[in-house]
Every structure is written in C-alpha cells, then in structure tokens.
Amino acid sequence: MSEDQKYYAGLDMGSVSIKAALISEKQLVASSLIASGGNYKNGVKKVMDDVLAHAAISFDQISGLVVTGLGAESSPYAGRQVSDISCQAKGCHCLFPAARTIIDIGGQFTKAAKITPEGRIADFLMSEKCATGSGRFLQVISRILHVPLDEIGPLSLQSENPVEFSTNCAVFAESETISRIAEGADPADILAGVHRAMASKVSMLVKRLKLTPDVVLTGGGGEDAGLVQAIGLALKTKILVPDHPRLTAAFGAACLAAEDQT
C-alpha cells in the first residue's frame with residue numbers, strides 16, 4: 001500500500017447476511033459475506049477481519065466507515081449509520097451511473113426505488129410482508145423441490161411449459177407446488193412458474209413508482225438468472241445486475257464513507 005492510498009469500508013448488517021466491502025479509489029478491493037446467524041457482533045468482526053486480511057491492512061488504516069442494515073446499531077465499529085436503501089442507491093449509482101430505478105430483492109422484503117442522477121433516493125416502496133415477493137419464497141421452493149438455491153435459476157431457464165400458479169399468496173403457492181409435484185410437473189416448469197409469480201409481484205411494485213430506465217436488480221434475487229429474466233419480461237425492459245448483487249449496499253456504504261472525507 002502506498003502512503004497516500006486511502007481505504008474506505010462499508011458494513012451491511014442485514015437480517016439474513018452480514019456483508020463488508022472495502023474500497024480504494026472507488027474500486028472494490030475486498031469483500032466478505034456470511035450468514036447473520038443471530039450474532040451480529042461476531043459476524044461483523046469476521047467479515048471485517050476478512051477484508052482487512054485480504055487488503056493486508058489494519059483497521060486503523062481505514063479512513064472512513066459507514067454502517068447500514070437492520071443490525072447497524074449492534075456494530076462494534078463506530079461509523080456513520082445510513083439507511084440501507086440510501087446505500088443501495090449510492091452503490092448502484094457508482095456501478096451504473098445511468099441507473100434510475102432499483103429493485104432490491106432481499107430475504108424478507110423487496111424494495112423498489114427511484115433515484116436521482118446524483119444517486120440519491122427520490123421515492124421508494126416496500127413490499128407487504130408476504131414471502132411471494134421476497135427471497136424467502138425461493139428458499140421455501142428450494143426446500144420442497146430439493147434443488148439448491150444456486151441451481152434454481154439455471155434449471156428454470158430450461159422450462160418449456162411453465163406452471164401457472166392460481167394464487168399470489170406464498171402459503172397457498174407452497175401447497176400448490178406440492179400438488180404440482182404430485183401431478184408429475186417438471187421441476188424446471190414449477191420453478192419457471194414460481195419466477196413468473198414473483199415477477200408479477202415485483203412488477204406491480206415497480207409500476208407504482210412509474211418505472212424509469214436504467215433498472216438495476218440487487219440482493220439475493222439478482223443471483224437467480226431465471227428470476228432476473230422473468231422480471232425483465234414482466235417489466236418489458238432490460239435488467240442490469242451487479243457482479244456481486246448481494247454486496248451493493250455494503251459497497252454503497254463504502255462509497256458514502258469516501259464521500260464523507262471529500
């Protein structure tokens with residue numbers, strides 16, 4: 001590390017996972033992600049130790065830190081606290097300067113936001129507490145079908161006859177999935193149907209904001225190629241996805257930390 005090189009960190013303490021991002025000169029240097037596991041303090045220390053080790057620096061060499069997420073107040077590291085949606089906006093803006101709409105599909109909720117050309121929140125909406133519009137629904141279907149989460153997207157893209165779900169309720173959709181399995185429906189077709197049901201929920205949320213391209217999809221949902229495709233079709237627009245969609249808020253937090261020092 002050169003003497004004048006500066007590092008900035010972002011911590012995202014979410015309900016499902018804890019993420020850390022370390023940047024220098026607006027570029028991601030190191031990142032770490034682990035399951036929350038009910039112990040925020042230990043989890044945060046682990047991800048922070050990971051990124052510091054990767055960059056071969058000490059915590060004292062970090063010039064700024066921003067903390068976000070549900071568990072931000074539990075952070076053992078002192079840093080400015082910023083809302084997760086604001087960090088998502090900044091992260092998406094830094095990665096995709098033309099971004100004007102963000103869809104964040106997390107483990108518990110889906111958020112849709114419109115952002116300004118400067119990367120600030122102009123308006124946003126959050127899904128109601130229903131699993132159909134969140135990553136939780138994919139976890140449930142993954143368990144029922146015995147298909148690992150990281151295989152759901154590629155498998156669904158093989159579908160030739162997607163299953164039509166008659167309900168938008170996750171509880172009833174779970175029962176309907178079990179019935180379709182009993183009827184002999186192909187897992188790929190069931191997953192494609194699940195993605196269509198989720199995309200319908202997400203598109204209704206986004207359309208309430210009056211969609212403006214470019215559209216960026218973040219969160220765990222961004223790692224599911226089948227879901228990304230389904231949302232793009234439902235919204236009739238191209239969907240941009242960061243290389244690390246679950247790290248966008250942590251990355252944005254680090255970008256905000258850098259801005260604090262300018």
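Modeller: Gladly, and let me start with a term: a nonpolar core is a set of buried Ala, Val, Leu, Ile, Met, Phe, Trp, Tyr and Cys residues joined through side-chain atoms within 4.5 Å. This is a predicted model, where local features need pLDDT of at least 70 and side-chain atom pairs count only at pLDDT 80 or more, while totals for chains, interfaces and linings use all residues. Residues are numbered from 1 along each chain as its sequence is written, and side-chain values use heavy atoms, leaving out hydrogens and water.

Biologist: Which residues touch the most other members of the largest nonpolar core?

Modeller: Among its 32 residues, those are Ile103, Ile105, Ile141, Val194, Leu217, Ile231 and Ile239. The elements giving two or more residues are E6, helix H3 (135-145), helix H6 (187-208), E9 and helix H7 (225-235); H6 supplies the largest share, eight residues. Helices (H or I, at least four residues) and strands (E, at least two) are DSSP runs, numbered from the N terminus. Another core, of 21 residues, lies apart from it and includes Ile18, Met48, Val51 and Leu65.

Biologist: Why does Leu145 count as buried?

Modeller: Buried means under 20% relative accessible area, exposed over 50%, and partly exposed in between (1.4 Å probe, protein chains only). Leu145 has 14% relative accessibility, so it counts as buried. Leu145 sits in helix H3. Beyond its neighbours within four places in sequence, Leu145 is in contact (heavy atoms within 4.5 Å) with Ile181, Pro187, Ile190 and Leu191.

Biologist: What makes E6 and E9 a pair?

Modeller: Two strands pair if DSSP finds at least two bridges between them. Strand E6 (residues 101-105) and strand E9 (residues 215-218) have four bridges, in the parallel sense. Ile103 has Leu217 of E9 as its bridge partner.

Biologist: And what is the order of the five strands in the open sheet?

Modeller: The order is E8-E7-E6-E9-E10, with mixed pairing. Strand E8 (121-126) and strand E10 (239-240) each have a single partner strand, so one side of each is left without a neighbour in the sheet.
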